[in-house]
Amino acid sequence: MLNALYVASVGLEAQKQQLDAMANNLANLGTPAYKRQSVDFSAILDRVSNRAGLIDDVRPNRLLKIDLSPGAVQATGRPLDIAIAGAGFLEVDLGNDKIGYSRAGSLIVNAQGNLSLAGGQALRADIRVPNGAN
């Protein structure tokens, strides 16, 4: 009985995540570089059962998938903007010895002369731009 209620609650949570994902997709329709979200309901079938036959590894937060397929490349006219072809990412320094990955290609030169994302995160590759360079 409890197993059936648990499965029903997981299904309801998955449906809620589907609605949240659709709302995010609609809200960010005009956001540059936004990646569409979807819910992978087949992940529910990959659950693990314990010895008592109860489902103990169905977590709805594992259902959310982000579409990483590349969008259309558009020229921006900015000399430091780049587009990533294929499945690559830019490796960025998040501080405190943490590394992040981004596909945002709008680069700037920070105060130290390093290439950085527009949000200020420096690229992990040590690419320095000399003062006055064009």
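1. The protein chain has 1 helix and 6 strands, in the order α-β-β-β-β-β-β along the sequence. Helices (H or I, at least four residues) and strands (E, at least two) are DSSP runs numbered from the N terminus. This is a predicted model: local features need pLDDT of at least 70, side-chain atom pairs count only at pLDDT 80 or more, and totals for chains, interfaces and linings use all residues. Residues are numbered from 1 along each chain as its sequence is written, and side-chain values use heavy atoms, with hydrogens and water left out.

2. A word on confidence: mean pLDDT (the predictor's confidence in each residue, from 0 to 100) is 77 for the protein chain, and 83% of its residues reach 70 or more. Where pLDDT is low, the predicted coordinates should not be read in detail.

3. Now the inside. Of the 134 residues in the protein chain, 20% count as buried (under 20% relative accessible area, with exposed over 50% and partly exposed in between; 1.4 Å probe, protein chains only). Leu-90, Val-92, Leu-107, Leu-115, Leu-117 and Leu-123 make up the largest nonpolar core, meaning buried Ala, Val, Leu, Ile, Met, Phe, Trp, Tyr and Cys residues joined through side-chain atoms within 4.5 Å. Strand E3 (90-95) and strand E6 (115-117) each supply at least two residues of this core.

4. Leu-90 deserves a look: beyond its neighbours within four places in sequence, its contacts (heavy atoms within 4.5 Å) include Ile-82, Ile-84, Tyr-101, Leu-107, Leu-117 and Leu-123.
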